[in-house]
Amino acid sequence: MCGCTPIILTFDDGTSGQFNLIESGDQLVANPKSAVGIMEEFYKEHPDFGLNGTFYINGTSIFSGKGTVKERLEYLIDKGFEIGNHTNTHPYLNKSSSEEIKEEVGIVNNLVKELTGYEINSLALPYGISSKDYADLLAKGSYKDVEYENKIILLVGAEPALSSNNEKVNLQRLPRVRATGGNKRVDCDLYYWLDVMDKNPKMKYTRLENDSGDKLVD
Ligand SMILES: [Zn+2]
């Protein structure tokens, strides 16, 4: 058996632990203790690993630290990281009206676009909770005459996603695996799935189903 297991690193909530700028001489650089700083260091030693990840930000607090929000976002974009939408105030979207949903998505979309010209095209649902009545407005809409479109919408958990070219994949409800827990195993988090995949190596390439469509795990 051969092949690769693509992994996409995603970060929600725009915390300074994930990324913050510090002064170094007359420059602003990523704090080496932040995830971005660690990834940059790792990339220097392992350039074949790439330097990629998507940061799902809210509108209220964006990577607190040195520099302006524009400088912080541009730093990430210039390095090749992606910016995603995590809504303005991180609400329970199942309780939001259609107007509130447009505002929640639109404010972050418009802010990033105005500051950097960057077009956001994906959304991570706060708490992984969607809207029953207005899911279409999460995917596409407009706010203050600026259109937005989220081609991919991410859940919070709880299993590896199918490949984007698998006919069964639903890009509007794409699952993720949380990397919480450290070396303490939490069901359906990263260490749980690494164990499952060790025991079912084929799953690393075909994910949740084998060739006959049987689930490998419950
Ligand atoms: Zn969140």
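**Overall fold, domains and core**

The model is a predicted one: local features need pLDDT of at least 70, side-chain atom pairs count only at pLDDT 80 or more, and totals for chains, interfaces and linings use all residues. Residue numbers start from 1 along each chain as its sequence is written.

What about overall size? Along the principal axes, the C-alpha atoms fill a box of roughly 50 × 45 × 30 Å.

There are two domains, domain 1 (10–176) and domain 2 (184–218), with bounds from an automatic or database domain assignment. Their C-alpha centres are 27 Å apart. Six residues of domain 1 are in contact with four of domain 2, contact meaning C-beta atoms, placed from the backbone, within 7 Å.

Buried residues make up 25% of the 218 (buried means 20 or more other C-beta atoms within 10 Å of a residue's own). The largest nonpolar core holds 29 residues, and F55, I83, V105 and L123 touch the most other members; such a core is a set of buried Ala, Val, Leu, Ile, Met, Phe, Trp, Tyr and Cys residues joined through C-beta atoms within 7 Å. The top contributor is α3, with four residues.

Notes: Two residues are in contact if their C-beta atoms, placed from the backbone, lie within 7 Å. A residue is buried if 20 or more other C-beta atoms lie within 10 Å of its own, exposed if 12 or fewer, and partly exposed in between; C-beta atoms are placed from the backbone. Helices (H or I, at least four residues) and strands (E, at least two) are DSSP runs, numbered from the N terminus.
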